[in-house]
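Subject: Structure handover

Hello,

Here is the structure we spoke about, with the sequence. My notes follow below it.

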Amino acid sequence: MTRQTSVVREFFTMKLYIAPGACSLSPHIVAREAGQPVDLVLVDLAKKVLKEDGSDFKAINPKGQVPVLQTDDGDIITEGPVIVQYLGDKAPATKVVPATDSKDRYKVQEWLNFITTELHKNFGPIFRPTTPDAYKQIAKENIAGRFTWVDSKLAGKQYLMGDTFTAPDAYLYVMTRWAKRMEFDLDQWPNLKAFSERVEARPKVQEALKAEGLA
């Protein structure tokens with residue numbers, strides 16, 4: 001007689017750790033566009049604690065940064081450009097992230113890398129109150145130059161990849177929100193401004209904004 005043993009497995013719902021309006025808005029949007037339900041967990045970035053119970057956020061992500069995705073099997077993924085690809089790959093039919101064997105996949109990765117290194121990182125010194133004003137001005141000039149280039153690439157396009165919304169569109173949209181907070185005049189980049197308004201009008205983007213109290 002064979003004894004059968006039962007294996008108890010704990011299942012998780014995906015959790016996305018965010019701070020409203022931070023770069024975590026990008027994977028939040030992508031999750032909704034890809035139809036991937038996530039539980040939002042709010043983080044106090046100044047104190048590095050979870051807002052719901054005050055527990056140590058660094059116990060989840062030692063880097064102390066959002067976004068963080070806890071997958072449905074309990075694994076932890078950090079870094080926004082990686083998280084959006086994971087979410088998109090779970091819903092290939094949505095084409096939020098192109099297939100791994102396509103050239104468009106590499107184009108999407110190219111945009112994600114450009115945005116994270118040439119735009120996102122240039123905003124950091126501007127937000128930091130201890131940054132000297134002279135350096136903030138340099139960072140703003142760097143961002144303006146990158147926006148000018150992006151504006152040229154958006155000419156005649158709905159989105160970065162053409163007529164289809166993909167993951168880097170969410171990331172670039174967040175950068176345009178930050179630009180407005182820093183009093184950049186988007187009128188000087190008409191294609192970029194139209195792009196930002198187009199993305200913001202998407203129903204799933206509106207859902208994300210409302211969920212974060214930003215609408």
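Helices (H or I, at least four residues) and strands (E, at least two) are DSSP runs, numbered from the N terminus. The model is a predicted one, in which local features need pLDDT of at least 70 and side-chain atom pairs count only at pLDDT 80 or more, while totals for chains, interfaces and linings use all residues. Residues are numbered from 1 along each chain as its sequence is written, and side-chain values use heavy atoms, with hydrogens and water left out.

Helix α5

Helix α5 covers residues 167–181. The expected span of a helix is 1.5 Å times one less than its number of residues.

For accessibility, buried means under 20% relative accessible area, exposed over 50%, and partly exposed in between (1.4 Å probe, protein chains only). Twelve of the 15 residues of α5 are buried, and the helix is mostly covered. Among the buried ones are Ala167, Pro168, Tyr171, Val174, Met175 and Trp178. Contact here means heavy atoms within 4.5 Å. The buried residues of α5 pack against six helices: α1 (25–33), α2 (80–89), α3 (103–127), α4 (133–153), α6 (190–200) and α7 (203–211).

After α5 comes Glu183, found in the loop between α5 and α6. Glu183 is exposed, with a relative accessible area of 73%.

Helix pairs

Two packed helices are described by the angle between their axes and the distance between the axes. Axes are lines fitted to C-alpha atoms, for helices over the stretch in contact, and angles run from 0 to 180 degrees between N-to-C directions. Angles under 35 degrees count as roughly parallel, over 145 as roughly antiparallel, 65 to 115 as roughly perpendicular and the rest as oblique. A crossing is left-handed if the near helix is turned anticlockwise from the far one by less than a right angle, and right-handed if clockwise. For residue classes, Ala, Val, Leu, Ile, Met, Phe, Trp, Tyr, Cys and Pro count as nonpolar, Asp, Glu, Lys and Arg as charged, and the others, Gly among them, as polar.

- α5 and α6: the axes come within 10 Å and cross at roughly 110°, which makes α5 roughly perpendicular to α6. The crossing of α5 past α6 is left-handed. On the α5 side the contact uses Asp169, Leu172, Tyr173, Thr176, Arg177 and Lys180, and these meet Leu192, Phe195, Ser196, Val199 and Glu200 of α6. By class, this contact of α5 with α6 has five nonpolar, two polar and four charged residues.

- α1 and α2: the packing angle is about 5°, with the axes 9 Å apart, so α1 is roughly parallel to α2. Ser26, Pro27, Val30 and Ala31 of α1 meet Ile83, Val84 and Leu87 of α2. The residues of this contact of α1 with α2 divide into six nonpolar, one polar and no charged.

- α2 and α3: these pack at an angle of about 150°, with their axes 10 Å apart, so α2 is roughly antiparallel to α3. The crossing of α2 past α3 is right-handed. Pro81, Val84, Gln85 and Asp89 of α2 make the contact with Arg105, Gln109, Leu112 and Thr116 of α3. By class, the contact of α2 with α3 has three nonpolar, three polar and two charged residues.

Loops

The loop between β3 (49–50) and β4 (68–70) holds Ala59, Glu52 and Pro67. Ala59 is exposed at 64% relative accessible area, and its C-alpha atom is separated by 9.3 Å from that of Val49, ten residues apart along the chain. Glu52, at 64% relative accessibility, counts as exposed. The C-alpha atoms of Glu52 and Leu42, also ten residues apart along the chain, are separated by 7.2 Å. The peptide bond from Val66 to Pro67 is cis, with omega near 5°.

Glu79 lies in the loop between β5 (76–78) and α2. Phi of Glu79 is positive, about 80°, although Glu79 is not a glycine. Glu79 is partly exposed, with a relative accessible area of 38%.

Regards
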